[in-house]
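Q: Can we go through this model together? I'd like to start with its pockets.

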Amino acid sequence: MDRCRNSIKRIIHGLSVLTPVLLSGHAAAALPQSTLAPAGPVARMQLDLFNITLYIALFIFVIVGSALAYAVIRFRGKPGDAIPPQTHGNARLEILWTAVPVILLLFMAVPTVRMTFELAAAPAGDNVKVRVVGYQWWWAVEYPEHGFATANEMRIPVGVPVEITLESADVIHSFWVPRLAGKVDVIPNRANTMWFQADEPGVYYGQCAEYCGTSHANMRFRVIALEPEEYDAWIASRESEQIAVQAVASSDLAARGHELFMNGACAACHTIDGTTATGTVGPDLTDFGSRISLAAGMFDNTPENLAAWIKDPRAVKPGALMPSIPMSDADVDALVAFLQALK
Ligand code: CUA
């Protein structure tokens, strides 16, 4: 009995701590992957719909729960009670408890159906178009209007709808940026579409949301929303194809790294625009130095983390398909210098 009472106390304490956290938008904003802190119109509409259902469910819970508690206490049996009057059926009650749920379901169904149609296509206009391809365990991010690709970090301008086509190179993944939009499955041999828009500049965290193998939990990504001028400057720098040329010119070590990259195994799997590296097995690395993370969002993009990754990818990311290629520490340092200069 004491144990039961303690458990109930613990549950009530847990709820009293959790509820204010869940209900306060401010606390939710501190959580980078919270659907309760929407940062764009799509996520906001989805949260509004969630709230309609939540409040209706809470209302039912309070009414039914109170009636139940009242009946249990008020009409509880005492020793020696006679058998209460037995009844069968009550047409008025039957009609009532059929009609009320129908009305409540309509309250949920009408906005759900309306929103499903509203969100099916982005508002017409000068939208940004991006093609995302899921791989075990990273994301290719292509800009078909500009003819280039990047990986694991999607740069977008603020205040502009982004139309996304989702495809898979292998198994089923799911593309999810909780603060911008709900998840959409990424399915082989099929192109799914979605759109979102970011209101404010910033970094929005994403995550594969469908179990896809060993490093499913490490299949992360970032959406980086930029002011329109910054976005245009990024597009222009990518279109110029001068990033690699500038990287080679930046230092002797980077130039040596470039040589190793082009003549070694790296170029067989990776593309760097403006060079002879045109592999398509692994992520495009053209603007690698400007990325804030590496290994699909697992680590900060620092020289130390990059060196550890190049030396033994599988040691830092279980199941990673990139092989470990034996090379000297000096060669690793040169590759790191070249890759970090790609910005
Ligand atoms: Cu891709 Cu889970």
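Q: By class, what residues does the lining of the largest pocket have?
A: It has 26 nonpolar, five polar and three charged residues. Ala, Val, Leu, Ile, Met, Phe, Trp, Tyr, Cys and Pro count as nonpolar, Asp, Glu, Lys and Arg as charged, and the others, Gly among them, as polar. Note that this is a predicted model: local features need pLDDT of at least 70, side-chain atom pairs count only at pLDDT 80 or more, and totals for chains, interfaces and linings use all residues. Residues are numbered from 1 along each chain as its sequence is written, and side-chain values use heavy atoms, without hydrogens and water.

Q: Where does the largest pocket lie?
A: Between domain 2 (128-227) and domain 3 (243-340), because both give residues to its lining. The domain bounds come from an automatic or database assignment.

Q: Which helix gives the most to that lining?
A: Helix 9, with three residues. Strand 11 is among the elements that supply at least two. Helices (H or I, at least four residues) and strands (E, at least two) are DSSP runs, numbered from the N terminus.

Q: Switching to S293. Buried or exposed?
A: Buried, because its relative accessibility is 4%. Buried means under 20% relative accessible area, exposed over 50%, partly exposed in between (1.4 Å probe, protein chains only). S293 lies in strand 11, residues 293-294.

Q: What is S293 in contact with, leaving aside neighbours within four places in sequence?
A: E153, R222, F299, D300 and N301. Contact means heavy atoms within 4.5 Å.
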